[in-house]
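Dear colleague,

Please find below the structure that I am handing over to you. My findings follow directly after it.

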Amino acid sequence: MKTELLKITDDLSPLKVAGEIIKNGGLVAFPTETVYGIGADGLNATAVRKIFEAKGRPSDNPLILHIAKYADAEKIGYMNPMAKKIAEHFWSGPVTVIVKKKSIVPDAVSAGLDTVAIRMPSSQIASRLIEYAGTPIAAPSANLSGKPSPTRFIDVCDDLNGRVDMIIDGGSCNIGIESTVVDTTGELPVILRPGGITREQLEEIFGEVEVEKHKKEGSSDYKPKSPGMKYLHYTPKAKVTVFDGDAVAKISAQLEENVKKGIKTGVFCKDTSSYPCENIITWGSSASDMANIMFAAFRDFDRMGVDEILCELPGEDGLGLGVRNRIFKSAGFDIR
Ligand code: TXA
Ligand code: MG
């Protein structure tokens with residue numbers, strides 16, 4: 001398939017063409033404030049199935065429906081009081097609500113569940129694209145299944161050029177990790193996937209919020225409510241190893257050992273002067289800085305051809321919870 005590339009800067013009107021592609025059952029990769037998504041008409045089961053094919057995504061992993069105005073949420077799901085409150089405080093923005101679905105939503109989107117995930121992105125490009133398409137857009141992250149989510153145009157091209165009808169170049173995504181997925185069907189809000197809206201922000205509104213624990217795949221009590229959480233995720237080609245606690249001492253020792261063994265090693269850390277390493281990328285000074293470049297850095301380490309990435313971790317506050325969740329999964333829960 002020939003993929004059309006469309007660069008968007010200030011003028012959003014060229015997105016009409018992209019909207020037409022979606023209307024006609026095609027696939028368009030587009031930026032949002034979190035990560036790039038690969039979108040199709042969310043009410044057209046045939047179009048939605050193409051997403052799974054293009055990504056190599058298991059079909060039991062449901063998709064998020066993206067909307068541009070609140071009224072559309074009511075058309076696809078039963079917006080309960082908790083979901084409404086989240087929408088009121090955080091939409092448009094990086095949070096997705098899980099609500100009971102309406103019958104208009106194809107099974108291909110919900111993967112047979114009786115719920116649907118709904119999100120209203122704040123990205124102007126995403127929002128305008130949805131308006132032009134005139135339908136909710138089903139969109140997972142625009143990576144091949146298992147790879148780090150793309151936050152830059154070049155990363156989307158690496159994964160999807162030739163697999164979708166169009167890729168929109170809208171520059172880099174602001175947040176860098178995906179939306180927070182919140183199950184609103186129970187008594188308390190449950191964070192199924194930590195992301196762009198933090199636990200603290202939700203606690204401010206609701207008082208108490210539950211966070212679904214991520215567990216190592218294969219452990220006997222591992223039955224995630226969010227089907228996507230059980231798959232191998234966010235993995236660069238290089239092995240990722242994360243270090244908690246006194247990371248500098250532990251990483252320095254590991255680095256020395258790797259050099260002796262001839263293992264080409266990258267370090268992803270706060271302060272690059274901490275390590276004598278050529279393949280080193282700083283993640284900045286806060287968890288939100290790290291969220292912003294984490295997926296891009298993983299892909300850059302692969303371009304450098306490193307065999308192993310040694311990673312420092314931020315704390316659990318703010319975006320740290322989401323960053324740690326993604327990194328733990330990238331590392332296959334190998335935490336030293
Ligand atoms: O920021 C984001 O959310 C990005 C951008 C493109 O909007 N999208 C994204 O989609 O991350 P995806 O498909 O990569 O992740 C969606 C997550 C998966 O873990 C999926 O299992 C979960 O949401 N999910 C979707 N529908 C669900 C449902 N009905 N119940 C529980 N979890 C659901
Ligand atoms: Mg994804």
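In strand β3, G37 is the bridge partner of F30. Strand β2 (residues 28–30) and β3 pair in the antiparallel sense over three bridges, where two strands count as paired if DSSP finds at least two bridges between them. Six residues stand between β2 and β3 in the hairpin that they form. Helices (H or I, at least four residues) and strands (E, at least two) are DSSP runs, numbered from the N terminus.

Please note that this is a predicted model, in which local features need pLDDT of at least 70 and side-chain atom pairs count only at pLDDT 80 or more, while totals for chains, interfaces and linings use all residues. Residues are numbered from 1 along each chain as its sequence is written, chains are lettered from A and ligands numbered from 1 in the order in which they are written, and side-chain values use heavy atoms, with hydrogens and water left out.

Strand β3 (residues 37–41) also pairs with strand β8 (residues 137–138), in the antiparallel sense and over two bridges. There, A138 of β8 is the bridge partner of A40. Five of the five residues of β3 are buried (under 20% relative accessible area; exposed is over 50% and partly exposed in between, with a 1.4 Å probe and protein chains only).

An open sheet is formed by four strands in the order β13-β16-β14-β15, with parallel pairing. Its edge strands, β13 (239–243) and β15 (279–282), each pair on one side only. Neighbouring strands of this sheet are turned by 20° against each other on average, direction ignored; axes are lines fitted to C-alpha atoms, for helices over the stretch in contact, and angles run from 0 to 180 degrees between N-to-C directions. Between β13 and strand β16 (residues 308–312) there are five bridges in the parallel sense, and V240 has I309 of β16 as its bridge partner. Helix α9 (residues 247–261) lies across β13, β14 and β16, and runs at about 165° to β16.

The aromatic residues come next. The structure holds three aromatic pairs (rings of Phe, Tyr and Trp, the last by its six-membered ring, with centres within 6.5 Å; planes under 30 degrees apart count as stacked, over 60 as edge-to-face and the rest as tilted). One of them, F268 with F301, is edge-to-face, at 6.0 Å centre to centre and 80° between the planes. Because F268 lies in strand β14 (residues 265–269) and F301 in helix α10 (residues 287–304), this pair ties together parts that are 33 residues apart in sequence. F268 is buried at a relative accessible area of 0%, and F301 is likewise buried at 0%. Ring pairs link F268, F298 and F301 into a cluster.

Helix α7 (residues 153–160) packs with α10 at an angle of about 65°, the axes being 11 Å apart. The contact (heavy atoms within 4.5 Å) is made by I154, D155, D158 and D159 of α7 and by A296, R299 and R303 of α10.

Two backbone details remain. W91 and S92 are joined by a cis peptide bond, with omega about 0°, and S92 is found in the loop between α4 (81–90) and β6 (95–101). A111, in the loop between α5 (107–110) and β7 (115–119), has a positive phi near 50° although it is not a glycine. A111 is partly exposed, with a relative accessible area of 25%.

Yours sincerely
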